[in-house]
Amino acid sequence: MADNTTEKAQQTARKATAAAEETVDQGAQRVSETVEKIGDTARRASETASRSSEELLTIGRDNMEGVARASQAMLQGASELGSLWASFWNEQLTTGMEAMRSLAESDSWDKVLQVQNEFTRSSLDRVFSRVVKSTEVTAEMLTSSLAPLQESARRASERMPRRAG
């Protein structure tokens with residue numbers, strides 16, 4: 001009977017060992033599957049992050065190019081404005097010198113008043129025409145500098161993913 005009990009105990013132990021081994025094998029299989037799924041998920045996340053970072057880099061590069069083009073347009077406009085006002089002051093100085101010479105050569109008060117009136121009229125005409133031209137140049141400068149920024153913003157908005165909603 002002792003042999004029978006020992007044999008039954010050994011059979012039970014073998015069955016328990018086999019069941020334990022099978023459980024361990026199943027657990028190992030599940031762990032392996034889980035690790036594989038985690039690896040796939042990490043790989044997909046990495047690919048998505050890589051695509052997203054590439055997309056962000058592209059958007060950033062486009063934005064920087066837009067800012068560079070806008071800055072160039074502003075510089076060109078500022079240069080044109082500077083030239084415009086430099087020519088104004090050159091003409092104003094020349095006209096002023098001519099008026100001073102005419103005043104010095106004047107032989108009557110009527111001639112003095114005529115020279116002063118002419119100088120004042122031509123100076124005001126020149127100022128008003130330059131102000132109008134300056135306004136036009138400024139408007140063009142702003143328009144041409146905003147266009148690249150608007151284009152960059154449009155391209156960035158086209159690249160951004162749309163949320164379903």
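The model is predicted, so local features are taken where pLDDT is at least 70, side-chain atom pairs count only at pLDDT 80 or more, and totals for chains, interfaces and linings use all residues. Residues are numbered from 1 along each chain as its sequence is written, and side-chain values use heavy atoms, with hydrogens and water left out. The protein chain has two helices and zero strands. Here helices (H or I, at least four residues) and strands (E, at least two) are DSSP runs, numbered from the N terminus.

**The whole chain**

- Buried residues make up 16% of the 165 residues in the protein chain; buried means under 20% relative accessible area, exposed over 50%, and partly exposed in between, using a 1.4 Å probe and protein chains only.
- The accessible surface of the protein chain comes to about 12700 Å², and 59% of that belongs to carbon and sulfur atoms. Accessible areas come from the Shrake-Rupley method with a 1.4 Å probe, and for residues only the protein chains shown count as cover.
- Take the contacts in the protein chain with a separation of 6 or more: residues 24 or more positions apart account for 85% of them. Contact means heavy atoms within 4.5 Å.

**The loop between the helices**

- Ser106 sits in the loop between helix 1 (2–105) and helix 2 (109–159).
- With a relative accessible area of 18%, Ser106 is buried.
- The side chain of Ser106 reaches the backbone oxygen of Ser102 at 2.8 Å.
- If you leave aside neighbours within four places in sequence, Ser106 is in contact with Lys111, Val112 and Val115.

**Aromatic rings**

- A search of the whole structure turns up two aromatic pairs. Rings of Phe, Tyr and Trp (its six-membered ring) pair if their centres lie within 6.5 Å; planes under 30 degrees apart count as stacked, over 60 as edge-to-face and the rest as tilted.
- The rings of Trp85 and Phe88 have centres 5.3 Å apart and planes at 75 degrees, so this pair is edge-to-face.
- Trp85 and Phe88 both lie in helix 1, three residues apart, which is about one turn of the helix.
- Trp85 counts as partly exposed at 26% relative accessibility, while Phe88 counts as buried at 3%.
- Phe88 and Trp89 also form an edge-to-face pair, at 4.8 Å centre to centre with 75 degrees between the planes.
- Trp89 counts as exposed, at 56% relative accessibility.
- Put together, ring pairs link Trp85, Phe88 and Trp89 into a cluster.

**A buried arginine**

- Arg126 is found in helix 2, and at 11% relative accessibility Arg126 counts as buried.
- The side chains of Arg126 and Gln92 are joined by a polar contact of 2.5 Å. A polar contact is a pair of N or O atoms within 3.5 Å; within protein, one must be able to donate a hydrogen and the other to accept it, and residues adjacent in sequence count only if both atoms are side-chain atoms.
- Leaving aside neighbours within four places in sequence, Arg126 is in contact with Phe88, Glu91, Gln92 and Thr95.

**Salt bridges**

- Side chains of opposite charge can pair when their charged atoms come close.
- A salt bridge is a side-chain nitrogen of Lys or Arg within 4 Å of a carboxyl oxygen of Asp or Glu, and by this rule the count comes to eight.
- Asp125 and Arg121 meet in a salt bridge of 2.8 Å, N to O; both lie in helix 2, four residues apart, about one turn of the helix.
- Asp125 is partly exposed at 41% relative accessibility, and Arg121 is partly exposed at 43%.
- Arg154 forms a salt bridge with Glu151, with the closest N and O atoms 2.3 Å apart.
- Arg154 is partly exposed at 37%, and Glu151 is partly exposed at 28%.
- Glu158 and Arg154 also meet in a salt bridge, at 2.3 Å from N to O. Because Glu158 and Arg154 are four residues apart in helix 2, about one helical turn separates them.
- Salt bridges that share partners join Asp62, Glu151, Arg154, Arg155 and Glu158 into one network.
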